[in-house]
Every structure is written in C-alpha cells, then in structure tokens.
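Me: I have a model open and want to learn how to read it. Where do we start?

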Amino acid sequence: FTPNGDSKNDRFMYQVQGGLKTIRYFKVFNRWGVEVFNSTKVGEGWDGTYNGKPAETGVYVWLLKGDTWLNNSVEAKGTVVLIR
C-alpha cells in the first residue's frame with residue numbers, strides 16, 4: 001500500500017468475506033518483529049505510521065482475529081508491502 005495522502009491505498013485494511021462483527025486484534029509487525037500497529041476497532045486500518053512517524057518502506061506481517069456476523073471465529077495472517 002502507498003500511504004502518500006492521495007486517498008488511494010493510504011490505509012492497509014483487512015477484508016473478510018461477509019464482514020466482521022468484532023475484532024479481537026488486528027496487528028502489524030515490522031521485519032524485526034516489532035509491533036507497529038494494533039487495533040480492536042472494526043474497520044480501522046493501518047495508516048503506515050509507527051510512533052507518529054512514517055514507517056519505513058518494506059514488508060510487514062499482519063495478524064487478524066475476529067468474529068463474523070454468524071459468530072464464527074476468523075484468524076488470518078499475511079504480509080503487506082509498504083511503498084513510499
């Protein structure tokens with residue numbers, strides 16, 4: 001994703017088919033395993049910052065755990081590339 005203020009791909013968001021009712025956690029980690037983002041709010045994505053400053057270009061790992069509207073537990077993980 002490209003958080004450069006042009007309103008296109010400025011936030012990294014998870015997508016779960018059918019949507020999520022609750023988020024237990026949505027976390028993003030840098031390549032050293034440092035947590036750079038954490039949220040439990042449905043619909044909140046990472047804006048590419050860490051401690052209020054732009055995070056470095058690179059590959060980040062994300063983890064998600066939540067519950068669907070049918071009360072099924074969902075766990076997902078993957079990587080995302082931040083491009084400046």
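Reply: Trp32 counts as exposed because its relative accessibility is 57%. The cut-offs are under 20% for buried, over 50% for exposed, and partly exposed in between, with a 1.4 Å probe and protein chains only. This is a predicted model: local features need pLDDT of at least 70, side-chain atom pairs count only at pLDDT 80 or more, and totals for chains, interfaces and linings use all residues. Residues are numbered from 1 along each chain as its sequence is written, and side-chain values use heavy atoms, without hydrogens and water.

Me: Where does Trp32 lie?

Reply: Helices (H or I, at least four residues) and strands (E, at least two) are DSSP runs, numbered from the N terminus. Trp32 is in the loop between E1 and E2. The two strands make a hairpin with five residues between them. In the turn, Gly33 has a positive phi of about 85°.

Me: How many bridges pair E1 with E2?

Reply: Two strands pair if DSSP finds at least two bridges between them. E1 and E2 (residues 35-39) have four, in the antiparallel sense. Phe26 is partnered with Ser39, and Val28 with Phe37.

Me: And which strand does E1 join through eight bridges?

Reply: E5 (residues 58-68), running antiparallel to E1 (residues 20-29). Here Phe29 has Val61 as its bridge partner.

Me: What is the strand order of the open sheet?

Reply: E2-E1-E5-E6, four strands with antiparallel pairing. E2 and E6 (73-82) are at the edges with a single partner strand each, so one side of each has no neighbour in the sheet.
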